[in-house]
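The report below works through one model, taking its charged side chains, its helix contacts and its chain as a whole in turn. Please read it alongside the sequence and the coordinates.

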Amino acid sequence: MNGNMPGNMPSQAGSSSSQHPSTQRRKQKLQRKLEKQKAKVRGSRDEQTKEERSLIRTQYRDLMEDLDKNRSVLVVPENVRELSAKLDMTNNIFKNVQETQEASMDSRAVRKITALGVEQAVRLQTDFLTFDAIAFASHCREYGNAAAVAAGEAGLGE
């Protein structure tokens, strides 16, 4: 039986001792660097206190309450800047977000702003022709009826 069969592969631990010393040092250096980066990330998360997180959540709740209260004003197409200001405010709050609970609140705020933006776009009046679905359906029905009458008259004449 061949010693290099998949079931008989040498372990990785034994193969590292056969590596060149410079390769081993490089791997160790990269491992230390990775551990420092992980510690830095853990440290930055630990720096945010419960009070800071509570403040962020309060800011999001206030923003969403303001969006709900001023909905009728924000959907007016002339108030694009006000809606953009709300989005900028959301982005500024998000700069301090480090946890998923606050990130979830951010996504809800952005979703509300997006919905208001869509409604604002729907209300936008343009000088372009618009598609009137009811009128189109009516014309189709009239055309269909006229075609049926024409077909009936053609069948009677034969």
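Arg 123 and Glu 119 form a salt bridge in which the closest N and O atoms are 3.0 Å apart, where a salt bridge is taken to be a side-chain nitrogen of Lys or Arg within 4 Å of a carboxyl oxygen of Asp or Glu. Because Arg 123 and Glu 119 are 4 residues apart in helix α6, about one helical turn separates them; helices here are DSSP runs of H or I with at least four residues, strands are E runs of at least two, and both are numbered from the N terminus. Arg 123 is partly exposed at a relative accessible area of 41%, and Glu 119 also counts as partly exposed, at 22% relative accessibility. In these terms buried means under 20% relative accessible area, exposed means over 50%, and partly exposed is what lies in between, with a 1.4 Å probe and protein chains only.

This is a predicted model, in which local features need pLDDT of at least 70 and side-chain atom pairs count only at pLDDT 80 or more, while totals for chains, interfaces and linings use all residues. Residues are numbered from 1 along each chain as its sequence is written, and side-chain values use heavy atoms, with hydrogens and water left out.

Side chains of opposite charge can pair when their charged atoms come close. By the rule stated above, the count comes to 6 salt bridges. One of them joins the side chains of Arg 53 and Glu 102, at 3.1 Å from N to O, and this pair links distant parts of the chain, with Arg 53 in helix α3 and Glu 102 in helix α6, 49 residues apart. Arg 53 is partly exposed, with a relative accessible area of 22%, whereas Glu 102 is buried, with a relative accessible area of 1%. Arg 53, Arg 57 and Glu 102 are linked in a network of salt bridges. Arg 57 lies in helix α3 and counts as buried at 17% relative accessibility; leaving aside neighbours within four places in sequence, Arg 57 is in contact (heavy atoms within 4.5 Å) with Gln 101, Glu 102 and Met 105.

A further salt bridge brings together the side chains of Lys 112 and Asp 68, at 2.7 Å from N to O. This pair, too, links distant parts of the chain, with Lys 112 in helix α6 and Asp 68 in helix α3, 44 residues apart. Lys 112 counts as partly exposed at 25% relative accessibility, and Asp 68 is partly exposed with a relative accessible area of 47%.

## A buried aspartate

Asp 106 lies in helix α6 and is buried yet has no salt bridge, the nearest side chain of opposite charge being that of Arg 108, 9.8 Å away. Not counting residues up to four places away in sequence, Asp 106 touches Tyr 60, Thr 90 and Phe 94.

## The contact of α3 with α5

The axes of helix α3 (residues 50-69) and helix α5 (residues 80-94) come within 10 Å and cross at roughly 170 degrees. That makes α3 roughly antiparallel to α5, since angles under 35 degrees count as roughly parallel, over 145 as roughly antiparallel, 65 to 115 as roughly perpendicular and the rest as oblique. The axes are lines fitted to C-alpha atoms, for helices over the stretch in contact, and the angles run from 0 to 180 degrees between N-to-C directions.

On the α3 side the contact is made by Ile 56, Gln 59, Tyr 60, Leu 63, Asp 66 and Leu 67, and on the α5 side by Lys 86, Met 89, Thr 90, Ile 93 and Phe 94. These residues divide into 7 nonpolar, 2 polar and 2 charged, where Ala, Val, Leu, Ile, Met, Phe, Trp, Tyr, Cys and Pro count as nonpolar, Asp, Glu, Lys and Arg as charged, and the others, Gly among them, as polar.

## The chain as a whole

The chain has 7 helices and 0 strands. Of its 158 residues, 15% count as buried, and residues 24 or more positions apart account for 73% of the contacts with a separation of 6 or more.

Note on methods: Lys, Arg positive; Asp, Glu negative; His and termini not counted.
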